[in-house]
Amino acid sequence: SRRIVLASRPVGEPKPSDFRLESAPVPEPGEGQVLLQTRWLSLDPYMRGRMSAAKSYAQPVEIGEPMVGGTVSKVVASRHPDFAVGDIVLSQSGWQDHALSDGTGLRKLDPSLAPISTALGVLGMPGMTAYTGLLNIGQPKSGETVVVAAAAGPVGSLVGQIAKLKGCRAVGIAGGPDKCRYLVEELGFDAAIDHYAADMPDKLRAACPKGIDVYFENVGGAVWDAVFPLLNDFARVPVCGLVAHYNAKELPPGPDRLPLLMSAVLSRRLTLRGFIVRDFASQAQDFQREVSQWLREGKIKYREDVVEGLEKAPEAFIGLLKGKNFGKLLVRVAS
Ligand code: NDP
């Protein structure tokens with residue numbers, strides 16, 4: 001059995017040496033346990049936060065412990081009455097190819113309904129984040145303009161597509177021409193802006209002639225700076241992620257722009273509201289039903305970026321934080 005543990009806490013961008021691959025005998029399930037073999041491991045931006053000791057909404061990973069992560073796993077041995085060998089489950093097995101579980105938190109998946117990897121993407125945590133954050137906090141109305149960055153990723157791509165289904169103008173921001181073309185040509189966004197372009201703020205302004213009513217914040221940094229002046233009165237900003245800052249070592253140099261921000265919040269009556277997907281756990285069934293339906297009807301598309309082999313996870317994860325992925329980043333651990 002192989003697993004990847006946290007070897008050291010990164011300062012700034014994670015390095016391959018912050019991770020360590022270890023081997024151990026495959027464990028035997030005890031009474032009431034199942035042995036899971038990982039098929040798919042999800043790599044997600046939040047994992048950067050777990051590598052740091054700083055207090056957040058979740059516990060940090062301890063040095064020497066396996067990295068946390070959602071997985072789609074197969075039951076390969078069972079001494080648990082509710083699980084049979086061959087069952088496919090959604091699990092939190094982390095960065096390892098085998099794990100024991102007492103069944104807590106496992107959800108059985110039906111491979112005949114959708115490809116099992118979608119339980120980590122469009123029909124999983126990232127999809128639920130897009131759906132709940134946009135609908136509850138963004139509250140998009142027909143005719144409004146919705147902007148989202150990291151728009152080619154699993155969260156952003158669903159935000160833009162739901163915005164279209166709600167009759168909005170959807171503008172995506174993504175890194176590079178390939179991702180931008182994908183947003184417009186494949187996913188039906190009205191416009192896409194490359195955040196690497198020097199004149200990105202001007203292009204964004206031109207793409208939002210009636211200003212911005214909903215900005216789904218995934219990024220922060222220079223993208224937020226470009227969005228901020230365009231926010232309309234009563235704009236809503238679901239604050240979902242700030243991936244441009246996850247590797248930051250310190251605050252950027254001044255001047256202090258907080259008064260500018262707060263004056264705008266006041267005078268333009270902006271709503272900025274942070275959320276964690278589990279805040280909306282009670283809406284999981286609505287999400288599953290509605291997004292599965294849209295998928296079946298071909299109204300929603302998704303894209304996966306698959307890396308082969310557990311040993312590739314550190315490099316792929318480091319790349320995720322700077323946009324090397326194109327679509328939901330997954331590691332195929334076993335087929
Ligand atoms: P993605 O697959 O979209 O990966 C992150 C993307 O961020 C990269 O691919 C890159 O795309 C973009 N990015 C990185 N740095 C920058 C930068 N400096 N400026 C602009 N874009 C940048 O990830 P997800 O869809 O899984 O997650 C999207 C966001 O949602 C993240 O912030 C994540 O933390 C957050 N999230 C929050 C949850 C919650 O409960 N609040 C739950 C799940 C996710 P590009 O090539 O376009 O630059």
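The C-alpha centres of domain 1 and domain 2 lie 29 Å apart. The model is a predicted one, in which local features need pLDDT of at least 70 and side-chain atom pairs count only at pLDDT 80 or more, while totals for chains, interfaces and linings use all residues. Residue numbers start from 1 along each chain as its sequence is written.

Domain 1 takes in 2–120 + 303–332, and domain 2 covers 125–280; these bounds come from an automatic or database domain assignment. Across the divide, 13 residues of domain 1 are in contact with twelve residues of domain 2 (C-beta atoms, placed from the backbone, within 7 Å). On the domain 1 side, the touching residues split into five nonpolar, five polar and three charged (Ala, Val, Leu, Ile, Met, Phe, Trp, Tyr, Cys and Pro are nonpolar; Asp, Glu, Lys and Arg are charged; the others, Gly among them, are polar).

Now for a pair of helices (DSSP runs of H or I, at least four residues, numbered from the N terminus). The axes of H2 (residues 125–138) and H3 (residues 154–165) come within 8 Å and cross at roughly 45°; axes are lines fitted to C-alpha atoms over the stretch in contact, with angles from 0 to 180 degrees between N-to-C directions. That angle makes H2 oblique to H3, as angles under 35 degrees count as roughly parallel, over 145 as roughly antiparallel, 65 to 115 as roughly perpendicular and the rest as oblique. From H2, Pro126, Gly127, Thr129, Ala130, Tyr131 and Leu134 make the contact, meeting Pro154, Val155, Leu158, Val159, Ile162 and Ala163 of H3. Ten of these contact residues are nonpolar, two are polar and none is charged.

Conventions: Helices (H or I, at least four residues) and strands (E, at least two) are DSSP runs, numbered from the N terminus. Two residues are in contact if their C-beta atoms, placed from the backbone, lie within 7 Å.
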